[in-house]
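Me: Could you walk me through a protein structure and the ligand it holds?

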Amino acid sequence: MNRINNKLKEENTSNNKVEKLLSIYFTAGYPKLNDTVSIIKDLEKSGVDMIEIGLPFSDPLADGPTIQESGVSALQNGMTTETLFSQLENIREDVGIPLLIMGYFNPIMQYGVEEFCKKCDKIGIDGLIIPDLPVDVYHQKYKEIFERYNLKNILLITPQTSEERIRFIDSISDGFIYMVSSASTTGAQNSFGESQINYFKKISKMDLNTPQIVGFGISNRETFQQATKLTSGAIIGSAFVKFLKENSINQINEFVDRIIK
Amino acid sequence: MKNLFHADKNGYYGEFGGAFIPEMLYPNVEELRKKYIETMQEVSFQKEFQQLLKDYVGRPSPLYFAKRLSEKYQVKIYLKREDLNHTGAHKINNTIGQILLAKRLKKKRIIAETGAGQHGVATATVCALMGMKCVIFMGEIDIARQAPNVARMKMLGAEVIPAKSGSKTLKDATNEAIRDWINNPEDTFYIIGSVVGPHPYPDMVARFQSIISEEIKRQLVIKEGTENPDYIIACVGGGSNAAGAFFHYLEDKNVKLIAVEAAGKGINSGESAATSILGEEGVIHGSKTLLMQTDDGQITEPYSISAGLDYPGVGPQHAHLFTSGRAKFLNATDDEAMQAGLELCKLEGIIPAIESAHALAALDKMEFNKEDIVVVNLSGRGDKDLDTYIKYFKFD
Ligand SMILES: Cc1ncc(COP(=O)(O)O)c(C=O)c1O
């Protein structure tokens, strides 16, 4: 069984105190080209449940300024798809939590979609998040390949996604559904408003088969708790990338403690 | 048979096209996809569109027989005078169409990207005309080098927001516009300036620009007794003026279609925008097409002396016309285009946009029979380029 499914099952069955899953995004190759492995290890040691490794792209349409800038630096540092794969080559000797790669479709196309998936499988990557690979193209063209290499393709829903489409996405999802918290690009927010809370409630009432994890706009304990009240977990991206910009990578546990301790 | 070169219902042209968009954009793009053809075909829409093209844009644009240019190249050359349109280029055909659509979809706020500023000016113009709020994204570097167009947009009431990300030029302005659309999914309509972006944009923009070839057919019958020229030549940045000039001729293989890309300082100079030669298949701004990129799939920055042609991709229809061989792709360097622009001034008294001058530069690269009829789409006028002409030819 895939580590993502395992993790989510584990969280849901540790029933005396329901633990919510904390996932952290960071951009590979930032702040320094070779920080990737040590960031992953420190995140796991600090108690993070899952990690999204960002493959940087020159034109990240769905990202706000913080993640954009980290991507520009990472590319300037020399990050490439091949480099990332070689950094991750032995990651499974040390790290047990689910690892996903988040990247845009063009670099994956250039690498070759099947080659890319094969390599991920070999390394022990559990899933992919590709924001600009549309649901129907994935469904018709790539689902089989992803499954052959044991990769969960994580699909997004937003407050604007219709109920019918959410049902469809639920029906072809495995792992989790990435619930984008509001109509926006990535970026940190200090708290969620009424419309977001209502959206979390609406989705919760739909009683979907696939667990939901909230992303975009989670930055601190308050937003983490709001976001996970009715869902299985939350993903922090920009706030962590910003932390890395302003602090040493030796202080990762401080960041994580502030969210979950 | 009829549909070899137009978009299929999912917006594919052969292998190219589609809508590679993040889920956040799906409702907006889907709404447009469902409604664009139906809305464009409404009688009231067509009436308003045609009326504005006539009275506001000044259409039909003349099909002018360029006698002295014809003598020089020993062939019959007609110029399709898009340069005489209001705001000075073909871009306004599209912005008029899209703003009428935006109104019918009850959108309140218009956003657009611009490189040289031509599409930005054409968008700001129709927003003023319709009393709609207008926000234009423009690369920080382009803002600095296209000051007169920035001033025009501001005079017309638009807010111009500098795109500071990435390479700070057209592709980044487009990224910023798309991000703005993600952040404003309900009240905002994105007017894209060329036949690029996710389906239905390439097809929609081509349909609005198809007025160009519709008129060429009518005008050529009167002048030459045939609807069909032997050649149509147009420059290609994203490809909208070419798409419009080719539209009604796509299925008629007797008409040879010539697309001219900007070679910049030379195809192999590292400073070029000749996407069909230098590009590989990939996804840019929501569309699968040919684009200039590194081996690792990072999109690279193109170069051309003409700001309207330095886009790293090309519309998906053009990618298909190129790979299928339906259109022939040529290219012109900065120098060739500048000389061709100056030649048109001297022979015909017309100062062309530097983009359009690339199309003219192709004349010298082709072999014609004396009786051949050639239509060159003169996509815009050169007023906006005076600074570049002055510097290049040292007129000052
Ligand atoms: C006069 C003129 N011609 C051509 C172009 C290139 O655009 P397209 O290839 O979409 O026609 C531009 C773009 O700014 C332009 O201003």
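Below, a few questions and answers look at the ligand and its surroundings.

This is a predicted model, where local features need pLDDT of at least 70, side-chain atom pairs count only at pLDDT 80 or more, and totals for chains, interfaces and linings use all residues. Residues are numbered from 1 along each chain as its sequence is written, chains are lettered from A and ligands numbered from 1 in the order written, and side-chain values use heavy atoms, leaving out hydrogens and water.

Me: Between which domains of chain B does the ligand lie, and why?
Reply: Look at which parts of chain B give residues to the shell around the ligand. Both domains do (their bounds come from an automatic or database domain assignment), so the ligand lies between domain 1 (13-52 + 91-205) and domain 2 (58-88 + 210-393).

Me: Which residue has a side-chain N or O atom 2.8 Å from an oxygen atom of the ligand?
Reply: Let's go through some polar contacts, meaning pairs of N or O atoms within 3.5 Å. A ligand oxygen is 3.2 Å from a polar backbone atom of Gly238(B), and one is 3.0 Å from a side-chain N or O atom of His90(B). The 2.8 Å distance belongs to the side chain of Asn241(B).

Me: How many residues of the shell around the ligand are polar?
Reply: Gly counts among the polar residues here. The shell has five nonpolar and two charged residues, and its polar ones number 11.

Technical notes
Polar contact = N/O pair within 3.5 Å; in protein donor to acceptor, adjacent residues only side chain to side chain.
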